[in-house]
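Morning, everyone. One chain today, and I'll start from a single residue. Please look at the screen.

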Amino acid sequence: MTQDDNSGVQPPEEPKKPGSMRFQDANTQPRQPSVAEQRARKQALADQERERQAAVAAREAADAKAATKRKILIGSGVTVGLVGLIATFYTIAKPKEVTAVCTDANGVIQDDRNCDENYAVSHGGHYSGGFWFIPLPGGGGYTQYRYNYGGTGGIGQHVSGGSFTAPSGNTNVSTKSGTSIQRGGFGISGKSGTSGGTGKSGGS
């Protein structure tokens, strides 16, 4: 008796072959980006350019502000320096004012005319070594007169303070009667008719 091959037993399945990867051929054309992808790329590039321009503008603004601040500081420093220089110049250039009084040899204040060269000469006197010499009535010698600078007091009183040495430099000296006997200053004119610091007055 022969066996029936249709006994219901299925033959074993054949093993599956492993899968394989497909590589793009070098001659294959790349896929063109879609319209949306192109739009997104353009938008990204535009955003980057705007950010770059904004950064440049911010840096330029900061540099300009810093430069302006430096100019202001420098300008302020120059202004302060010029103001100080001008103030110093005028402080130095402005003459000091001193009042002189005529005194005798004992330091007693006399009439200003006794310290006037013209008056002394007209009365037979003369000027020498900072003193005016005027003859005494009757020919019994001379009375000496000289200026005290900065002292105070009235005629007949002993002068208070001051100095018998004529001030030098930037000083205007005048008598109580208004006669200028010394002109000070650096190129700044004083009263006319002065003797330029010799201590001798130019008029009675």
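**Starting at D104**

The side chain of D104 reaches the backbone nitrogen of N106 at 2.9 Å. That is a polar contact: N or O atoms within 3.5 Å, one able to donate a hydrogen and the other to accept it, with residues adjacent in sequence counting only if both atoms are side-chain atoms.

A word on the source. This is a predicted model, where local features need pLDDT of at least 70, side-chain atom pairs count only at pLDDT 80 or more, and totals for chains, interfaces and linings use all residues. Residues are numbered from 1 along each chain as its sequence is written, and side-chain values use heavy atoms, with hydrogens and water left out.

Back to D104. It lies in strand β1, residues 96-104; strands here are DSSP runs of E, at least two residues, numbered from the N terminus. Buried or exposed? D104 counts as buried because its relative accessibility is 13%; the cut-off is under 20%, with a 1.4 Å probe and protein chains only.

Which residues does D104 touch, leaving out those up to four places away in sequence? Q110, Q144 and Y145. Contact means heavy atoms within 4.5 Å. Take Y145: 41 residues from D104 in sequence, yet 4.4 Å away in space, C-alpha to C-alpha.

Y145 has other partners beyond four places in sequence, including C102, C115, W132 and I134. Y145 also belongs to the largest nonpolar core, which has 12 residues. Such a core is a set of buried Ala, Val, Leu, Ile, Met, Phe, Trp, Tyr and Cys residues joined through side-chain atoms within 4.5 Å. Strand β4 gives the largest share of this core, three residues.

Technical notes:
Helix = DSSP H or I, 4+ residues; strand = E, 2+ residues; numbered from the N terminus. Buried < 20%, exposed > 50% of the residue type's maximum accessible area, 1.4 Å probe, protein only.
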